[in-house]
Amino acid sequence: MNLLIQKLERAFNLTLDLAESLSEEGLILTLKDLPSNRIGDQLWCVVGARESYLNAIENTQWAGFSCSLQDITSKSDVVHCLKTSATDALNFLSKSDLSKYQADMAFNLLEHEIQHHGQLIRYIYGNHLKFPQSWNQRYTV
């Protein structure tokens, strides 16, 4: 499980780097002329998935989706929730011997996070924003 935790930590750090590189105006950007939500909505889904999957992992059953992030237009709120949800998930996973169900949920969380990275890449390109250095190194964007 150490490898899974390392991959989750890297993915979480990349998401945080991107959020920290955005302005508050950046959080409300959409993909112009395409059906899309806002960048902040993408990050809301990331936080909610982290919290919801962690709840499923802790309780060994899915209890639905919920998200503590209330204001997707507040950079400080977004960054705070990203940090808290990452710390909570990594702390629990690093101290637990996971069952098959729990490991599957943790892998689902990793897949979800990375799927959002792909979406966020399109948002950054579509809005002519700059990627943080960590994204340039990881994804060659």
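These legends describe close-up views of a predicted model.

**View 1. Helix H1 packs against helix H5.**
H1 covers residues 2–21 and H5 covers residues 100–126. Their axes lie 10 Å apart and meet at an angle of about 30 degrees. That angle is under the 35-degree cut-off, so H1 counts as roughly parallel to H5. The crossing of the two helices is left-handed. From H1, the contact uses Leu 4, Lys 7, Leu 8, Ala 11, Phe 12, Leu 14, Thr 15 and Leu 18. From H5, it uses Ala 103, Ala 106, Phe 107, Leu 109, Leu 110, Glu 113, Ile 114, His 117, Leu 120 and Ile 124. By class, the residues in this contact are 14 nonpolar, two polar and two charged.

**View 2. Helix H3 packs against helix H4.**
H3 spans residues 39–59, and H4 spans residues 75–94. The H3 and H4 axes are 10 Å apart, at an angle of about 25 degrees. This angle also falls under 35 degrees, so H3 is roughly parallel to H4. H3 crosses H4 in a left-handed sense. H3 contributes Leu 43, Val 46, Val 47, Arg 50, Glu 51, Leu 54, Ile 57 and Glu 58 to the contact. H4 contributes Val 78, Cys 81, Leu 82, Ser 85, Ala 86, Asp 88, Ala 89, Phe 92 and Leu 93. The contact holds 12 nonpolar residues, one polar residue and four charged residues.

**View 3. A salt bridge joins Arg 50 to Glu 113.**
Side chains of opposite charge can pair when their charged atoms come close. Here the N to O distance is 2.6 Å. Arg 50 sits in helix H3 and Glu 113 in helix H5. The two residues are 63 apart in the chain, so this pair links distant parts of it. Arg 50 has a relative accessibility of 1%, so it counts as buried. Glu 113 is buried too, at 0%. Both residues also take part in helix packing: Glu 113 belongs to the contact of H1 with H5, and Arg 50 to the contact of H3 with H4.

**View 4. Thr 15 is buried in the model.**
Thr 15 is part of helix H1. Its relative accessibility is 1%. Leaving out residues up to four places away in sequence, Thr 15 touches Leu 43, Val 46, Arg 50, Leu 82, Glu 113, His 117 and Trp 135. Among these neighbours are Arg 50 and Glu 113, the partners of the salt bridge in the previous view.

**View 5. Glu 20 and Lys 83 form a salt bridge.**
The closest N and O atoms of this pair are 3.9 Å apart. Glu 20 lies in helix H1 and Lys 83 in helix H4. They are separated by 63 residues, and the bridge links distant parts of the chain. Glu 20 is partly exposed, with a relative accessible area of 35%. Lys 83 is partly exposed as well, at 42%.

**View 6. Arg 38 pairs with Asp 41 in a salt bridge.**
Their closest N and O atoms are 2.9 Å apart. Arg 38 has a relative accessibility of 32%, so it counts as partly exposed. The model has four salt bridges in total. Among them are the pairs Arg 38 with Asp 41, Glu 20 with Lys 83 and Arg 50 with Glu 113.

**View 7. Asp 33 and Thr 60 have positive phi angles.**
Neither residue is a glycine. Asp 33 has a phi of about 65 degrees. Asp 33 lies in the loop between helix H2 (24–27) and H3. At 81% relative accessibility, Asp 33 is exposed. Thr 60 has a phi of about 50 degrees. Thr 60 is in the loop between H3 and H4. With a relative accessible area of 44%, Thr 60 is partly exposed.

**View 8. Asp 97 lies in the loop between H4 and H5.**
Asp 97 is exposed, with a relative accessibility of 76%. Asp 97 and Glu 113 are 16 residues apart in sequence. Their C-alpha atoms are 22 Å apart in space. Asp 97 is exposed, whereas Glu 113 is buried.

Key
Residues are numbered from 1 along each chain as its sequence is written. This is a predicted model: local features need pLDDT of at least 70, side-chain atom pairs count only at pLDDT 80 or more; totals for chains, interfaces and linings use all residues. Side-chain values use heavy atoms; hydrogens and water are left out. Axes are lines fitted to C-alpha atoms, for helices over the stretch in contact, and angles run from 0 to 180 degrees between N-to-C directions. Helices (H or I, at least four residues) and strands (E, at least two) are DSSP runs, numbered from the N terminus. Angles under 35 degrees count as roughly parallel, over 145 as roughly antiparallel, 65 to 115 as roughly perpendicular and the rest as oblique. A crossing is left-handed if the near helix is turned anticlockwise from the far one by less than a right angle, and right-handed if clockwise. Contact means heavy atoms within 4.5 Å. Ala, Val, Leu, Ile, Met, Phe, Trp, Tyr, Cys and Pro count as nonpolar, Asp, Glu, Lys and Arg as charged, and the others, Gly among them, as polar. A salt bridge is a side-chain nitrogen of Lys or Arg within 4 Å of a carboxyl oxygen of Asp or Glu. Buried means under 20% relative accessible area, exposed over 50%, partly exposed in between (1.4 Å probe, protein chains only).
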